[in-house]
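This briefing goes through a single protein chain, topic by topic. Please keep the sequence and the structure open while reading.

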Amino acid sequence: TLKCARKNSELKVEKDGVSDNESKVDSGVPEVPVPPDDTPEVLNKALSGLSSRWKNWWVRGILTLAMISFFFFIIYLGPMVLMMIVLCVQIKCFHEIITIGYSVYHSYHLPWFRTLSWYFLLCVNYFFYGETVTDYFFTLVQREEPLRILSKYHRFISFALYLTGFCMFVLSLVKKHYRLQFYMFGWTHVTLLIVVTQSHLIIHNLFEGMIWFIVPISCVICNDIMAYMFGFFFGRTPLIKLSPKKTWEGFIGGFFSTIVFGIMLSYVMAGYRCFVCPVEFNNDSNSFQVDCEPSDLFQLQDYALPSVLESVTGWTTVRLYPFQIHSIALSTFASIVGPFGGFFASGFKRAFKIKDFANTIPGHGGIMDRFDCQYLMATFVNVYIASFIRGPNPSKVIQQLLALRADQQLHIFNSLKAHLIEKGLLPALEEAAA
């Protein structure tokens, strides 16, 4: 029996070339060095007489106002700057998560780990941004020969780049670190899925109209602030073990505050074309333009109130933008499901015994700590638009038709003409023209 036990123990250690170091990592919980407190010295001196609880409250409040001011400023600068900020936030979030992995496993000297991680980030961004350029800048791409060639073979080039990184990873495998290297390979790809894919969806939402970018992000910010405020002053009942400071009072208070905020913000923004019109590229001026005739979604309409509300308010109807009704769905998701992005991040941080992803923003942690809910929200908004809002886009159909050969365009023209005649629409159009 002792012989069999010893043999099984040896197999457990030696199987698949797993070293003692890897066994140690598998059995224990890795830790990340705790970053030092980087609260500005001015704030430390000004708040030195307060307890740590109130000091943290003031630090978070001051930095929150600063971040909100910066958010308004970049909105004022326009969609192009917003896209660049989204890219910068994406890179910083990726850096924070990859740095945690490197901090945990750097002592094992995994070859090419950081190099390959950043290479894969470059490949994925090349693929997504190339798709975006081809989709939204079609005329410009067709006009420039180098861009047209890159667009035509974009997916093949993207795949070739990724395949190169894949082969580099396989060549970097070291026998004593097989398991750890595959851990980090998966770590990198999950990070790419969470961070890069979601930031790409944020940019797609922005092209639908700045209101689809600003309202969801603002709802998440509002819910985060109001949940913190209600929890700070009234919180008594713990909400979830993953995040001990979250309370039911904060969760419920944040929910109702976000619903009201979403309806009010939507009402204000729906009246401005610069917010509701899709962001489109003007080929004549080679710049972005935000100008259109607002759709029915952004036209005031009368809605009959339920009898219960009618008896309370005395109103029979109420004038609302249809988008305000959609904002209720966005606000509900931001306040009920959105926080689970934060809980997910909390579970990740607890797994590695860290408080924050980084110490970039005093009182708030890293950039990823502020955007953990935003990425989940971006996916929901993109799915929501595709499912309930977006219809066929005539301009994109025309762009695709113009890229066809002359005989193909003629065939489509004759088919469309026959269809309109069959429907009885073409004669009516001809009479109207006469």
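**Helix packing and selected residues**

Helix α15 (residues 322-337) packs against α17 with the axes 11 Å apart and at an angle of about 150 degrees. An angle over 145 degrees counts as roughly antiparallel, so α15 is roughly antiparallel to α17. The model is predicted. The protein chain has 20 helices and 6 strands.

**α15 against α17**

- The crossing of α15 and α17 is right-handed.
- On the α15 side, the contact is made by H326, A329, L330, F333, A334 and V337, which meet L376, M377, F380, V381, Y384 and I389 in α17.
- By class, the residues of this contact of α15 with α17 divide into 11 nonpolar, 1 polar and no charged.
- H326, which lies in helix α15, has a relative accessibility of 18% and therefore counts as buried, the cut-off being under 20%.
- Leaving out residues up to four places away in sequence, H326 touches L297, Y384 and I389.
- Of these partners of H326, Y384 and I389 are also listed among the α17 residues that meet α15.

**α10 against α17**

- Helix α17 (residues 367-389) also meets helix α10 (residues 178-207), where the axes come within 8 Å and cross at roughly 55 degrees.
- α10 and α17 are therefore oblique to each other.
- In this pair, α10 passes α17 in a left-handed crossing.
- The α10 residues involved are I194, V195, Q198, S199, L201, I202, H204 and N205, and they meet M368, Y375, A378, T379, V381, N382 and I385 in α17.
- The contact of α10 with α17 has 9 nonpolar, 6 polar and no charged residues.

**α9 against α10**

- α9 and α10 pack with their axes 11 Å apart, at an angle of about 160 degrees.
- This angle is over 145 degrees, so α9 and α10 are roughly antiparallel to each other.
- The crossing of α9 and α10 is right-handed.
- Y162, F166, F169 and S172 of α9 make the contact with Q181, F182, F185 and H189 of α10.
- Sorted by class, the contact of α9 with α10 has 5 nonpolar, 3 polar and no charged residues.

**The loop residue L173**

- L173 sits in the loop between α9 (154-172) and α10.
- With a relative accessible area of 26%, L173 is partly exposed.
- Apart from its neighbours within four places in sequence, L173 is in contact with Y178, Q181 and F182.
- Q181 and F182 are also among the α10 residues in the contact with α9.
- L173 and P111 are 62 residues apart along the chain, and their C-alpha atoms are separated by 7.8 Å.

**The loop residue K353**

- K353 is placed in the loop between α16 (339-351) and α17.
- The phi angle of K353 is near 55 degrees, a positive value in a residue other than glycine.
- K353 has a relative accessible area of 47% and is therefore partly exposed.

- Q142 lies in helix α7 (residues 138-143).
- At 34% relative accessibility, Q142 counts as partly exposed.
- Q142 and A403 are 261 residues apart in sequence, while their C-alpha atoms are 8.1 Å apart in space.

**Annotated transmembrane regions**

- An unreviewed UniProt entry carries the annotation "transmembrane region" for residues 57-76, 82-105, 112-129, 156-174, 181-203, 209-235, 247-270 and 323-345.
- In the model, the span of residues 181-203 is 100% helix and 0% strand, and its end C-alpha atoms lie 32 Å apart.
- The span of residues 247-270 is 92% helix and 4% strand, with its end C-alpha atoms 34 Å apart.

**The chain as a whole**

- Buried residues make up 38% of the 434 residues in the protein chain.
- Among contacts between residues at least 6 apart in sequence, 71% join residues at least 24 apart.

Note on methods. Residues numbered from 1 in each chain as written. Predicted model: local features only at pLDDT ≥ 70, side-chain atom pairs only at ≥ 80, totals over all residues. Heavy atoms only, no water. Axes fitted to C-alpha atoms, helices over the stretch in contact; angles between N-to-C directions. Helix = DSSP H or I, 4+ residues; strand = E, 2+ residues; numbered from the N terminus. Parallel < 35°, antiparallel > 145°, perpendicular 65-115°, else oblique. Left-handed = near helix turned anticlockwise from the far one by under 90°. Contact = heavy atoms within 4.5 Å. Nonpolar A, V, L, I, M, F, W, Y, C, P; charged D, E, K, R; others polar. UniProt positions renumbered as here; feature names shortened; annotations may be inferred. Buried < 20%, exposed > 50% of the residue type's maximum accessible area, 1.4 Å probe, protein only.
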